[in-house]
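This report describes selected helices, strands and single residues of one protein model. Please look over the sequence and the 3D view before reading on.

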Amino acid sequence: MIRNYIKTAFRNLLKNKGFTAINVLGLALGLATCLLIVFYVFDELSYDKYNVNADRIYRINNDIKFGGNEGTYAVSPAPTAAALKADFPEIEQVARFRDRGGNQVKKGTQNIQENAMVYADPEIFDVFTLPMISGDPKTALKEPHTVVITEKIAEKYFNTTNAAGKVLTFNDTALYKVAGVIKNIPPQSHFHFDFYISMSTLPESRENAWFSNNFATYILFRPGTDVNAFKAKLPEFMHKHAGPQLQDILHLTFAKFEQSGNYFRFSLIPLTDIHLKSNAQAELEANGSIQTVYIFSAIAVLILLIACVNFMNLSTARSSNRAKEVGVRKVLGSARKNLIAQFLTESIIVTLIGAVIAVGAAWALLGLFNNLSGKQLAVTPQILAWLLPLMVLFIIVVGCLAGSYPALYLSGFQPIEVLKGKLAAGFKHSMMRNVLVVGQFVISIGLIIGTLVIYNQLKYIENKDIGFDREHIVTVWDTWTLGNKAKTFKEEVKRLAGVQNATMTYYLPTDGANNNSSVFKDPVLDQKRAVLTSTWEVDPDYIPTLNMKVIAGRNFSRQMSTDSTAVIINEAAEKLLAFPNPLDQKIYVPQDNMAKIMKPYHIVGVIKDFNFKSLRENVTPMVLFNADNTGALSIRMKSSDLKGLVDQIKNKWAAFSPNHEFNYSFMDKDFDKLYRTEQRTGQIAVAFTSLAIVIACLGLFGLAAYAAEQRTKEIGIRKVLGANVSTIVGLLSKDFVGLVMIAIVIAVPAAWYFMHKWLQGFAYHQNVQWWIIIAAGLGAILIAFVTVSFQSIKAALTNPVKSLRSE
C-alpha cells in the first residue's frame, strides 16, 4: 500500500512539474537560508563553552561613576583576585590577565611583530580549559620571564610543538623561557592570545592599588555556590578593602562617597555571557552582540515561515483541482483514511526533496557565508547530532501541515456533490489563502525596511563629521622599536615629497587605545571638583595632521618651553570642568596611585569634540598632554601615488630598522573596522532579505498562475467581448496588489518600532527616514505587480478559441 502511495504521489508531482518545481525551490531556498543562520547562531551561542567548568566561571566587572562620567569596565584592581580568594571559601580559584601589548619576537635575524600577548597568572590552567601538549601546567608561569605559547606559535618559531624549555627573544633584549605549549585557542573564545607571559614578570601585579584598574579577573566558584548570595557580599568586600584608600585619597568614607551619587562597584558576568552580552570598556577583544543573534534568529524564522506558507498556499490552491479525483476515488471505494494518506505522502515527499536540496545548498554555500559573516563555520559531529533529528522533525511537521488541508478537507467531500461541480470555489473566495499572502508580504516588507534602515545608518556613520579627517592617512605601527631613532625617522618621512604632515603617538581615534585618569580643579582632592577623563600623550603635529579644529586658544608649540606642562581639552571636558573661561586655568593630575603627588597643568586650548570610541557611545572628556610617545607614526599624504609613497616610507623604515617588520594600515580602513559587526549585519541582512523576496515572489508567481488557470474561460469570454490586454492584466493583478497594500499598512508600524529600538543603540544615529517607508512600499507593490503581470499577460495573450473550445 505504501509503495502505491509513493508511486501515485510521484505521478501527480510529475504531472504538475511547474508547481512542483516552485514548491521544492521555495522550500529549499527558505530552509537553506534558515540552516545557514542556525549555524551562525549556534556558533555565537557556543562561545567559551569549550571550558569544562564554563558554568562556574565568572568575570569581575567594575562599575564606576566618578567625575561626571560613568561606565562599566572589564578590568579590576591588581589585588582583587588575591583578596577574593582569601575572603570567600566558596571560591575555588581565581586568575588574572593583564594586557601586554605587542612585542617584536626574534626568528633568526628577523624580528616579527606579535600582538596577541598577555600577562597571565599560573592559575589560568586551573580556571580555563587550556590543554597543554608540552610542559607541565602545575609549574608553568610560576617563575618570572617564562611564557606559555600556542602550538601554532611553537611551529612558527621552533618547527615543533615540543618546545618546552626553549627560549624566545623579545625586542632584541628580553629572554623568555618557554614553560609550555598549549593547543590553539578555539575560535569560540572571548580571548585569543598566543603568548601567555608569567604575571610575576610584571612588578605592578603585586601592587596594593584599589583604584587602578588593569587586570581582567576571573573566578571559578565551587560546585553548588549560590552566585546571587555571593553578589550581595561584594559591596561589603569593596568597602573593606578599598575603603581605607578612598579615605586616604579623598578623605571620604564609602557611605559619603556614594551619597554624592558616585560609586565604585564590583559586579559579575558569567563567562558564557561575555561574548554576546558584555559591552564593557577594556574588553580583551571585540565582542559580538546578542541583538545581532536576535535579529538573525528572527530573519531565519521569518524566511522559513514565508517558505512554508508558500508551500501550504500552493498545495491548497492545487488541491481544489483534484476535487473530482477525490470524488471518483470515493465512488470506486477508496476509504477516507486512504485519501488522507495519499495527500500526506505527496506533501512529505515534496518536503523531503526540498530538505535534501536545502542541506546540500547550505553545505555548498557555507564557504561564501563564512566570508560574508567573518566566521569559520563547519559542519561538525556536534552540529550533525542535532541537525539530523531536526530535519526529520521538520519534514514530518511541514509535510503534514501543508498536506493537512487537502488531506482532511477534500477527503471529506461527498462524491455526488463533487462530481456535479458544486464545490469548485473561485480563487478569490479563499480567505485563508489571502491571509497567508498578506502575512508573507508583511514579513518581506518588514525585512526590506529593516535592511534599508541598517544600510542608511552605516552610510550615516561613514559620512558623519567625527571631528577629524581619517582620509589619506597611513599609520606605521611599532615605531617604538626604533628607540632613540624614532624622532629622526619621523623627520625623514616628513621630508618625503607627497607627505603633508606626520604625528608620532600610539593614541589614535581609530585604534581603541584608551587611558583613563581623574583630573582635579584644585590641588586639594575633592570629588566634587574631579573629572574622570581619557588622557592621551600627543605631539604638536597631532592636531594639524588629523585636521582637528581648535575652537578656543591654540595648539601646542615647540617654541614655548612652558608647553611641557600644557594641555588641550575637548568640549566634553570643558563642559564638566565648568571654568568660566578654561584658557590658562590649571588642572591637577595625580602622579601616583595614592594621589600623594599632584602635578599642575595649564589649559592652552579647546578642540572640537571628536569620536575616539564607537558611535554607539557619546563623546567623553578628553585631555591631550604635550608629551613624547613613540608608539606609531601617522602620516598625512597629499600624493596621488599612494602606493609609491608607501613604498618610499617602507624603504626609509628598512634603512632605520632592517631586521624589523614594516607594519602599516590606512586610518580610514581602521575606522571601518570599528563597525565591522554592523557592516556584516547589513550585508547578511541584504542577502537574506533578497532571498525572502525571491521566495515570496515564487509563491505569488505560482498563485497567479493558478488564478489565471481558474479563470481561463472568463478571460476567453472577455476577449471575445472586446477586452484588451491591459484590462485583463489589471483584472488579474488588482486582487494581489490589494493584498500587498494591506500588508504595507500592517508592516510599516511594526518595522518602524523595531528599527527605532535598534537605532537607539547608537549615541549618534538617524531616525527611520520617510523615504525608506515609501521605497519599501512602492518596491513591494512593484515586485508583486511585475510577478503577477508575467502570468497575467501570458493569460491575456492566449487565443480565446483554445480556452472556449470545450464549451
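## Terms and basis

Two residues are in contact when heavy atoms of theirs lie within 4.5 Å. Helices (H or I, at least four residues) and strands (E, at least two) are DSSP runs, numbered from the N terminus.

The model is predicted, so local features need pLDDT of at least 70 and side-chain atom pairs count only at pLDDT 80 or more, while totals for chains, interfaces and linings use all residues. Residues are numbered from 1 along each chain as its sequence is written, and side-chain values use heavy atoms, with hydrogens and water left out.

## Thr451 in helix α14

Thr451 lies in helix α14, which covers residues 431-463. Leaving aside neighbours within four places in sequence, Thr451 is in contact with Ala685, Val686 and Thr689.

Is Thr451 buried or exposed? A residue is buried under 20% relative accessible area, exposed over 50%, and partly exposed in between (1.4 Å probe, protein chains only). Thr451 counts as buried because its relative accessibility is 11%.

## Helix α6

Helix α6 runs over residues 227-250, 24 residues in total. From its first C-alpha to its last, α6 reaches 32 Å, close to the 34 Å expected at 1.5 Å a residue. The expected span is 1.5 Å times one less than the number of residues. Where is the kink in α6? It lies at Ala242, shortly before the proline Pro244, and amounts to about 50°. The bend at a residue is the angle between axes fitted to the seven residues ending there and the seven starting there.

At the N-terminal end, α6 is capped by Asp226, with a side-chain oxygen 3.2 Å from the backbone nitrogen of Asn228. This is a polar contact, meaning a pair of N or O atoms within 3.5 Å; within protein, one must be able to donate a hydrogen and the other to accept it, and residues adjacent in sequence count only if both atoms are side-chain atoms. His251 follows α6 and has a positive phi, near 60°.

Strands of a sheet pair through backbone hydrogen bonds, either parallel or antiparallel. Two strands are taken to pair if DSSP finds at least two bridges between them. In this model, four strands form an open sheet in the order β16-β24-β15-β25, with antiparallel pairing. The edge strands, each pairing on one side only, are β16 (499-504) and β25 (664-666). From one strand to the next, the twist averages 20°. Axes are lines fitted to C-alpha atoms, for helices over the stretch in contact, and angles run from 0 to 180 degrees between N-to-C directions.

Within this sheet, β15 (residues 473-477) and β24 (residues 632-637) are joined by five bridges. Val476 has Leu633 in β24 as its bridge partner. Helix α15 (residues 486-494) packs on the sheet, where it touches β16 and β24; the direction of α15 makes about 165° with that of β16. Helix α18 (residues 642-656) lies across β15, β16, β24 and β25, and runs at about 25° to β15.

His472 is found in the loop between α14 and β15. The phi of His472 is near 60°, a positive value in a residue other than glycine. With a relative accessible area of 45%, His472 is partly exposed.

## Other strand pairs

How many residues of strand β18 are buried? Eight of the nine residues in β18 (residues 530-538) are buried. Strand β18 runs parallel to β23 (residues 622-626), and five bridges join them. Thr535 has Val623 in β23 as its bridge partner.

Strand β12 (residues 195-198) pairs with β7 (residues 117-120) in the parallel sense over four bridges. Here Met117 stands opposite Phe195. Strand β9 (residues 146-150) pairs with β12 in the antiparallel sense over three bridges, and Val147 stands opposite Ile197 in β12.

## Leu576 in helix α17

Leu576 belongs to helix α17 (residues 571-577). Which residues does Leu576 contact, leaving aside its neighbours within four places in sequence? They are Gly67, Gly68, Val531 and Pro621. Leu576 and Gly68 are 508 residues apart in sequence, yet their C-alpha atoms are 6.6 Å apart in space. Leu576 is partly exposed, with a relative accessible area of 35%.
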